[in-house]
Amino acid sequence: MTQGMNFTAALPLLILTAAVPLGMLLLIVRRSHELIAGFTAAALGVSLLSVNLALGASSAAFSSLFVFNAYALGFVALILAAGLAVVVLAYTYFQANEDIIREEFYLLILTGILGAVALAAANNLASLFLGLETMTLSLIGMIAYPRRRPESVEAGLKYLILSGVSSAFMLFGMALIYVGRGTLGFDALLAGHTVTLDDTVMVISGLALMGTASGFKLSLVPFHMWAPDIFAGAPAPAAAFLAVVSKIAVLAVVMRAVGQNGAILDPKIADIIAGIAVASMLVGNLLALMQENLKRLLAYSSIAHLGYLLVALLVPGALGRMAVSFYLVMYAISVIGAFGVISILSRGEAARDCDRLDDFQGLFWSRPWLAAIMTFIILSLAGVPPAIGFMAKIYVMASGVSADMKLLTGVLIGTSIIGLYYYLRIIVVMARRQDAMIALSGRGEISWLGRVTLVSIGVLTVVFGVDPQPLINLLKALT
Amino acid sequence: MNLVWLLLIPSFGGCLAWPAERLHPVLPRWISVAALLLDVLILLPMLHGLAPAGILGQGHWLAAFDGPWIPTLGIDFRLGIDGLSWLLVALTVGLGILAVIVSWTEIDERIGFFHANLLWCLAGTIGVFIAFDLFLFFFFWELMLVPTYFIVALWGHENRMRAAVKFFLFTQGSGLLMLAGILALAFVHLQNTGNLTFNYFALLNTHMTNLTELLIALGFFMGFAVKLPVFPFHTWLPETHTEAPTAGSVVLAGVLLKTGGYGLLRFVLPLFPAAAHEMAPYAMWLGAIGIFYAAIIAFAQDDLKRLVAYSSISHMGFVMIGVFSFSALALQGAVALMIAHGLSTGALFIVVGLIQHRIHSRDLRRMGGLWTDLPKLSALGTLFVLASMGLPGLGNFVGEFLILLGVFAHNPNFAIAAAVGLIPAAIYSLIAIQRAFHGQAAVPRHGHDLGRREIGLMAILAAGVIVMGVYPQPIFELAEAGLANMQSAPVLAMLTR
């Protein structure tokens, strides 16, 4: 298969690829936290700007391995923006922390984003695996980065083993599909039809294995067990990366497999996905009720959100696609914001992150603005106006109602009500008056950079919640 | 454009009031009063310019606004105000001003944030009353919840957290059912016409099967029934009212409950005439049970605030019966009762707040003999209890009487049942007066009677209740114009049936 090599279209990927060795060289020349953080942010920023150029490229293909069409570029832009936010969060997180080595964290972010971008643009099973592994390996390093925290090292090790197993599933699934179909290219694999069950045993087993691996990466029930432990153990910026960037990238591939071509999904597969969605919504929301640790709570909430997303994913046509994209943007903004608040209150050198619910007690009285931003983010996750989460949930519900999916919509409503309870608890805790001075891990001064990031996230949640039309127009142009 | 300002002024007032506390602690209070007075200035001239018919569709509209919001989904920023909406918005703004005044001494921490929440809550409520796009309506419907939640959770009494969470779960949960109904209605309309819209007027007369109509109508009904509240969905109300600060109770009882009644009138009846007809007996039963049940529970209360809260549920049972009787008279009565109840119950909550401020208790067992120590407060308190009881010559009587009259013509059984329900109301009201104001003082105390600000506050409410009782005609005229607007052909046909 010989396809064109359009370098303009692939600019975001190429810039990142060049930035990784440059970053390493930079560290050899001069080891400076500010410098490498600035360099990483600049690389991501330039890559993000180049998305605009790439959109105007004459052809989307970059060899047979990657395709940078508007659809993929939308995901790439979202990944890059989320990556930028993670860099800022990591900078404030490690800022005061001069006695440990912190510069390599940014290299890991860069390689992780590189992997995610490759994954989102993959047009071939080989490049899919390449992107997935690049991203996962970087993530392991990021999760276990604070070496003096046993929880982080434990989480890193867990992720290493579990994601290793899931990668093996993925690889074996690909091999079986190759045996069945004799090709690795998406175009040939998805030609004319999407995934279906009327196929040879080889292909079906391959599909099942690949589905399992994707379910693991997206932490969907029943492949979700790892998420809470690893979210809780990972340093807050790494957890944000894990919750947002890695899931968006994997979802980009999954979405392409199940109906991006406008084809209708095999009903049996749709049933399986629906079952996973129901289980994820129920389990995620129910288990989140009992959490005392905010990161664990967000892990379960993220499981539930992916369940909501699957509902929209099952809806064919433009409405379903828009619902998924809108929900993804909402998810990215809100979850980055939630982890952002945690990481801005935490410090890398502390024994643990500021992630227990008790740590947030009285935030409304001690840091009213931060608490207000957190409130909007939580409202957004809960789907309450005027936050963007409200519009996103409406979109998903509307797509569910339009496709007449009564059970899924019903479960969505029911579990959203359950979800309100634990989201409200966070706000209640923040509003509770502080009885005694609680020694917080990092109640120090918040840097202006962190402030700017969080305020803009807070503003975004409200602005898009009140006036979603510009965002809808943007997404429409991309999907 | 006037209508947009009606929403924007309190919203921005809230944004201003929050940081204004840093300059001076009184500033947020004045900003709130100013914002609400500006709203009054917008509202009053509307009455003179009874606009020509047919701005929005049909009927008498005082003002209207139409702008794009999310065109992709067929959602417009469509506002309109007719007589009914005007009455309820005026009630909202008026009680809002009183709520600010009553919290002048009660709220002494986080003053800025309190007034911001109060103003946002009022803005959301105003939006509910004037939105004529179903999605916009739902947006406002949800928007008023969060500030109310904060008012209860941050400034409430002992068990405020539990109460606030319960309030939020009940109303938000039922709201989501309504949302499902709204979406289903829009998509049924989309299937019929190929046109996705949430426009209220376009969705009127949407053709659907009986079952679909009933299911969608039930979704709407749940949302409004919880808010009203109707037995058995009332359990959030006593707790929330008891724990809320006085201003919160005033806004909750005076205004927020009315959104439920308004929703039934404006949405359930005109959008789903057949389903409403089918649901009517059950809804009226719920209303009748609620009248009795809440009255009996109110009788057993020792907490004066809880007693008032249960009496609210009892009164809302009348509204429910009135709405679902489909009688023009009873509909008028329901509107009048909503307004009168807003005034009298708002006033009662203020009275309880004032008593609590003086004797640091709401417990009837610790009251008794208040009349000797606080004659003015007790006299006014008695007036409002009597008004709430339905004494002729005061506002509530007009509403209840009309409802009974209207229902009797259509369905005498319910009218008799509801009329009997007035007896327990008299019992718990009179007993409450006796226990609180007369007899021997249970505990020694020294309070000071009402100050000038408080007298003024109560005088306004007392005047409102008396005027409504003696000369309710203007309210009927305004409401009639509004009710005529909603009674699109199918409902009218039903009324004359």
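Here comes a tour of a predicted model, stop by stop.

Before you click: residues are numbered from 1 along each chain as its sequence is written, while chains are lettered from A and ligands numbered from 1 in the order in which they are written. This is a predicted model, where local features need pLDDT of at least 70, side-chain atom pairs count only at pLDDT 80 or more, and totals for chains, interfaces and linings use all residues; side-chain values use heavy atoms, with hydrogens and water left out.

**Stop 1: a glutamate in a loop**

Select Glu103(A), which sits in the loop between α3 (70-94) and α4 (104-120) of chain A. Helices here are DSSP runs of H or I with at least four residues, strands are runs of E with at least two, and both are numbered from the N terminus. Is Glu103(A) buried or exposed? Its relative accessible area is 8%, so Glu103(A) is buried (buried means under 20%, exposed over 50%, partly exposed in between, using a 1.4 Å probe and protein chains only).

**Stop 2**

Next, pick Lys295(A) and Asp353(A), whose side chains meet in a salt bridge of 2.9 Å, N to O. A salt bridge is a side-chain nitrogen of Lys or Arg within 4 Å of a carboxyl oxygen of Asp or Glu. Lys295(A) is in helix α12 (residues 294-313) and Asp353(A) in the loop between α13 (317-345) and α14 of chain A, so this pair ties together parts 58 residues apart in sequence. Both residues are buried.

Then show Arg352(A) and Asp355(A), another salt bridge, with the closest N and O atoms 3.7 Å apart. Arg352(A) is partly exposed at 24% relative accessible area, whereas Asp355(A) is buried at 5%.

**Stop 3: over to chain B**

Select Glu239(B) and Arg162(B): their salt bridge has its closest N and O atoms 2.8 Å apart. Glu239(B) belongs to helix α10 (residues 236-243) and Arg162(B) to helix α7 (residues 160-193) of chain B, so the pair links parts that are 77 residues apart in sequence. Which end is buried? Glu239(B) counts as buried at 11% relative accessibility, and Arg162(B) counts as exposed at 54%.

Stay in chain B and show β1 (residues 63-70) and β2 (residues 75-81), which run antiparallel and are joined by 7 bridges (two strands pair if DSSP finds at least two bridges between them). Phe65(B) has Leu79(B) as its bridge partner in β2(B). The two strands form a hairpin with 4 residues between them, and Gly74(B) in the turn has a positive phi of about 70°.

**Stop 4: where the chains meet**

Finally, show both chains: 39 residues of chain A and 33 residues of chain B take part in the contact. There are 0 salt bridges between chain A and chain B.

How values were computed
Contact = heavy atoms within 4.5 Å.
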